[in-house]
Amino acid sequence: MIRLIAAFVFGLNAIAANADVAIQELTTPSGINVWLVEEHSIPFVALEINFVGGTALDEDGKRGATNLMMALIEEGSGDMIAQEFQAAREALAATYEFDSYDDGVTISAKFLTENRDQAVALLAQAINQPRFDQDAIDRVRGQVLANIASSAKNPNRIAGEAFYSAAFGDHPYGSDDSGTVETVNALTQDDMFTAHRNALVRSRAYVSVVGDIDAEAVGPMVDQLLAGLPEDGPALPDHVDFGLTGGVTVVPFDTPQSVALFGQAGLKRDDEDFFAAYILNTILGGNGPQSILMEEVREKRGLTYGIYSYLVPKDHAEMWLGSVASANERMVETLDVVMDQWSRVATVGVSQEELDAAKTYLTGEYPLRFDSNQAIAGIMVGMQVEGLPVDYVIHRNDYINAVTLDDVNRVAREILDPEALHFVVVGQPVGLETTE
Amino acid sequence: MFRTLFAALSLLAMPAIAEEVTTFTLDNGMDVVVIEDHRAPVVVHMVWYRRGSADEPLGQSGVAHFLEHLLFKATDNMSSGELSEVVAANGGSDNAFTSYDYTAYYQRVAADRLPLMMQMEADRMVNLRLSAADIATERDVILEERNMRVENNPSALAREQMMAAQYLNHRYGVPVIGWKHEMESLELEDALSFYDLYYSPNNAVLVVAGDVDPNEVRTLADQYYGVIPPEENLPERLRAEEPPQTAARRLTFVDPRVSQPYLARSYLAPERDSGDQRKAAALVYLAEMLGGSPFSSALGTALQFDAQLAVYTGAGYDADKLDDTTFTLSVAPAEGVALSAVEAAMDAAIADFLASEVDPNRLESIRTQLRAGQIYARDNVEGLANRYGAALSQGLTVQDVQDWPAVLEAVTAEDIKAVAAEVLDPKRSVTMWVAASEGELK
């Protein structure tokens with residue numbers, strides 16, 4: 001039996017046109033919340049599941065367990081070994097993707113109306129009855145170790161490793177969640193069952209469904225997929241402060257173009273200044289060719305192909321980050337420009353024109369995101385993870401429009417801090433050295 | 001804003017629609033494709049020019065891509081960067097891309113903004129106004145783009161060498177972004193001569209996809225693009241053809257930044273030809289059968305399951321090219337396995353495949369997946385737009401695009417065996433080993 005909590009029809013005002021997205025919020029018979037959009041014009045369903053927790057739940061000494069475990073979900077379940085499972089999936093032309101990141105593990109699926117019951121049954125088997133056969137563990141372990149070796153020679157990955165380990169130390173955010181050669185080699189079959197039991201739990205599951213299916217069918221479907229999982233998992237990690245202070249860390253690597261990852265502390269997703277910061281970041285470096293950093297570093301000086309900044313509100317830490325790549329000979333000049341602009345925006349702020357342009361862009365772009373089943377499924381699961389209500393879709397542009405120039409420039413003054421900005425540069429940057 | 005579920009459903013009730021496509025040609029020769037998708041009030045507006053890097057003059061590699069960047073500079077009617085600013089101010093996004101056979105520009109925006117997009121895109125088709133300063137800074141930008149995509153990436157550097165070895169005579173052997181030394185010498189007049197000749201309505205394809213009415217698109221296209229005179233001197237698209245390959249070619253690529261040794265193999269292969277897509281369709285199946293999925297493909301089964309010789313196997317076939325394309329295989333050996341051993345195992349698996357009957361279950365499974373792929377593709381109108389734009393820039397017709405699913409559906413075991421025997425000819429192969437040191441090549 002499905003209990004209908006609420007159904008909304010949202011008129012999403014694109015500049016002049018209207019999109020209607022009807023989001024239904026349902027509770028399945030076993031008590032799992034699901035967001036559904038029915039779209040019957042194409043005979044398939046897109047499904048997104050996010051279990052909050054993720055690779056940050058790796059136990060001590062078991063770094064890489066959650067990552068390896070999620071890679072093994074498609075490698076055999078029930079009475080099917082890996083090849084049998086994949087042959088069954090291919091015959092149904094269903095796609096299942098299993099992934100993990102620091103704050104969650106995710107399952108994305110697409111399946112046809114014509115064989116929906118079989119595709120869901122096979123996915124339920126993978127989620128609830130993974131085999132973790134030893135030969136599959138060894139085979140996928142080899143792939144993970146190859147990825148770890150590849151990261152050790154990839155300038156962007158080297159920069160990330162150096163940056164996050166210095167920023168977060170022993171917290172799970174401070175190490176690569178693929179694990180190290182040592183920890184991955186030590187992982188056992190028991191570790192896989194433990195990681196599975198810890199990460200895939202009902203109380204931390206968020207589900208969205210979009211496509212050729214109705215509310216009556218969704219409840220039993222989601223219960224079939226998730227009702228057999230444990231109710232709760234181990235405690236989530238503690239909050240951690242961003243631990244890097246201002247300065248430069250150079251990691252020597254023999255390659256012609258240096259890459260830089262830079263950042264400072266940020267703010268939480270539920271901070272009352274989040275929207276002001278979000279707009280500020282859009283102006284500073286979030287909106288590609290229209291951003292200040294792109295104009296100053298690329299358009300005026302030709303120093304890079306691309307420079308971007310990002311607000312990164314993770315579940316247990318907050319950052320304001322940026323990235324850029326420039327030839328070794330030009331990295332010093334690039335970083336000077338970044339510092340100048342970070343300082344200028346922090347002190348002088350942005351203009352009313354820049355704010356208006358960013359608002360028009362953000363409010364116009366938002367409705368355009370809802371243009372496919374897969375996109376809508378992804379947006380809805382993301383909203384649930386962030387704790388946003390269904391009607392956020394209606395009000396989101398009002399939140400953007402309510403931000404004033406004073407708000408944005410106060411946030412710029414209070415949060416943007418060039419003295420706190422730390423740059424990790426990987427390459428052979430001429431004239432740049434690690435600061436004390 | 002609150003309504004009940006039932007009101008919502010009645011509002012959304014919509015007839016089941018397939019991909020609805022309308023095509024026509026403007027009086028000046030510009031081809032137009034309209035794809036309707038009324039689920040969201042969004043439109044993708046694209047202009048494709050039927051020239052890419054493989055059409056560049058000798059010694060000017062990268063000029064097609066350089067010009068693509070320069071098209072965001074000033075015109076007689078817009079300042080530098082204005083087009084992108086206007087798109088953003090209307091809540092849209094825009095970009096462009098260059099490949100061997102085409103250069104394309106697109107915007108994704110609320111459907112009622114289509115006239116403005118057409119006005120600006122038509123403007124930069126003819127009114128570009130470049131300065132010396134534009135050239136200097138933007139050349140630095142494309143050199144940094146090459147640094148990022150190629151110079152900092154040993155696999156990309158290796159791929160360039162492999163393509164150069166594969167194509168002795170055809171321009172597919174030259175990278176789209178250009179050779180670095182030629183990019184450094186690109187000048188204003190190089191970009192302008194490419195622009196003046198090839199950026200013309202009779203060399204372009206307009207694709208409009210989304211919440212639009214084809215009749216209105218036609219009226220707008222006539223208004224904005226139809227007034228641009230055709231280029232009377234548009235040259236015929238002639239390219240140096242690749243000669244028959246009669247000897248296997250081998251190369252080794254060493255770069256200390258390589259983390260995982262691997263081998264790559266390519267064979268010259270036929271592409272989709274207008275009215276004759278059957279071989280290409282069979283090659284799509286062949287790629288799936290040899291290396292599509294590690295769990296079920298011939299290489300995956302032999303090298304990753306029956307024996308633990310590889311951590312990666314794959315096969316690729318690029319059906320969408322104007323001229324002869326490539327069929328590729330790649331294998332990354334497991335820890336402690338030599339490249340020579342993994343190549344021998346790959347060749348044995350290919351020989352086994354050629355000597356055996358096609359597994360009917362595999363054939364039907366791939367057929368089902370390709371059919372499903374057509375259904376999933378309808379969820380992405382931009383992907384459909386790309387399909388038509390690329391095809392029409394590569395010598396195919398709208399009819400070819402619409403026939404393609406049926407041609408794929410009709411592939412038989414015999415077709416696959418025939419193309420496998422034709423294409424997987426060692427004399428027509430290029431094999432590359434990639435490693436961090438000479439020692440790893442042993």
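Phe132(A) is buried, because its relative accessible area is 1%, where buried means under 20% relative accessible area, exposed over 50% and partly exposed in between, with a 1.4 Å probe and protein chains only. The model is a predicted one, in which local features need pLDDT of at least 70 and side-chain atom pairs count only at pLDDT 80 or more, while totals for chains, interfaces and linings use all residues. Residues are numbered from 1 along each chain as its sequence is written, chains are lettered from A and ligands numbered from 1 in the order in which they are written, and side-chain values use heavy atoms, with hydrogens and water left out.

**Positive phi in chain A**

- Phe132(A) has a positive phi of about 50° although it is not a glycine, and this residue lies in the loop between α3 (116-128) and α4 (134-151) of chain A; helices (H or I, at least four residues) and strands (E, at least two) are DSSP runs, numbered from the N terminus.
- Ala93(A), likewise not a glycine, has a positive phi near 55° and is placed in the loop between α2 (82-92) and β7 (95-101) of chain A.
- Ala93(A) counts as buried because its relative accessibility is 4%.

**The six-stranded sheet of chain B**

- Six strands of chain B form an open sheet with mixed pairing, in the order β1-β2-β6-β3-β5-β4, two strands being paired if DSSP finds at least two bridges between them.
- The edges are taken by β1 (20-25) and β4 (93-98) of chain B, each of which has a single partner strand, so one side of each is left without a neighbour in the sheet.
- From one strand to the next, the twist averages 15°, with axes being lines fitted to C-alpha atoms, for helices over the stretch in contact, and angles running from 0 to 180 degrees between N-to-C directions.
- Seven bridges join β3 (residues 42-49) and β6 (residues 204-210) of chain B in the antiparallel sense, and Met46(B) stands opposite Val207(B) in β6(B).
- Helix α2 (residues 63-70) of chain B lies across β4 and β5 (103-110) of chain B and runs at about 165° to β4(B).

**Aromatic rings and charges**

- Over all chains, a search of the whole structure finds 30 aromatic pairs; rings of Phe, Tyr and Trp (its six-membered ring) pair if their centres lie within 6.5 Å, and planes under 30 degrees apart count as stacked, over 60 as edge-to-face and the rest as tilted.
- Tyr366(A) and Phe370(A) make an edge-to-face pair, because their ring centres are 5.4 Å apart and their planes stand at 80°; both Tyr366(A) and Phe370(A) are buried.
- Phe72(B) and Tyr105(B) have ring centres 6.4 Å apart and planes at 45°, so the pair is tilted.
- That pair links distant parts of the chain, with Phe72(B) in the loop between α2 and α3 (82-89) of chain B and Tyr105(B) in strand β5 of chain B, 33 residues apart.
- Phe72(B) counts as buried at 18% relative accessibility, and Tyr105(B) is buried with a relative accessible area of 0%.
- Arg124(B) lies over the face of Phe72(B), at 4.7 Å from the ring centre, a charge being over a ring if NZ of Lys or CZ of Arg is within 6 Å of the ring centre and within 35 degrees of the ring normal.
- One aromatic cluster is formed by Phe163(A), Tyr164(A), Phe168(A), Tyr173(A) and Phe242(A), and Lys314(A) lies over the face of Tyr173(A), at 5.2 Å from the ring centre.

**Nonpolar cores**

- The largest nonpolar core has 114 residues, of which Met118(B), Tyr225(B), Leu286(B) and Phe327(B) touch the most other members; such a core is a set of buried Ala, Val, Leu, Ile, Met, Phe, Trp, Tyr and Cys residues joined through side-chain atoms within 4.5 Å.
- Helix α10 (residues 278-291) of chain B gives the most to this core, with 10 residues.
- Leaving aside neighbours within four places in sequence, the contacts of Tyr225(B) include Leu26(B), His45(B), Val47(B), Met118(B) and Leu206(B), where contact means heavy atoms within 4.5 Å.
- A second, separate core of 70 residues includes Phe262(A), Ala276(A), Ile400(A) and Val411(A).

**A buried serine of chain A**

- Ser326(A) is placed in strand β13 (residues 318-327) of chain A and counts as buried at 0% relative accessibility.
- Apart from neighbours within four places in sequence, Ser326(A) is in contact with residues including Gln257(A), Leu303(A), Met331(A) and Glu144(B).
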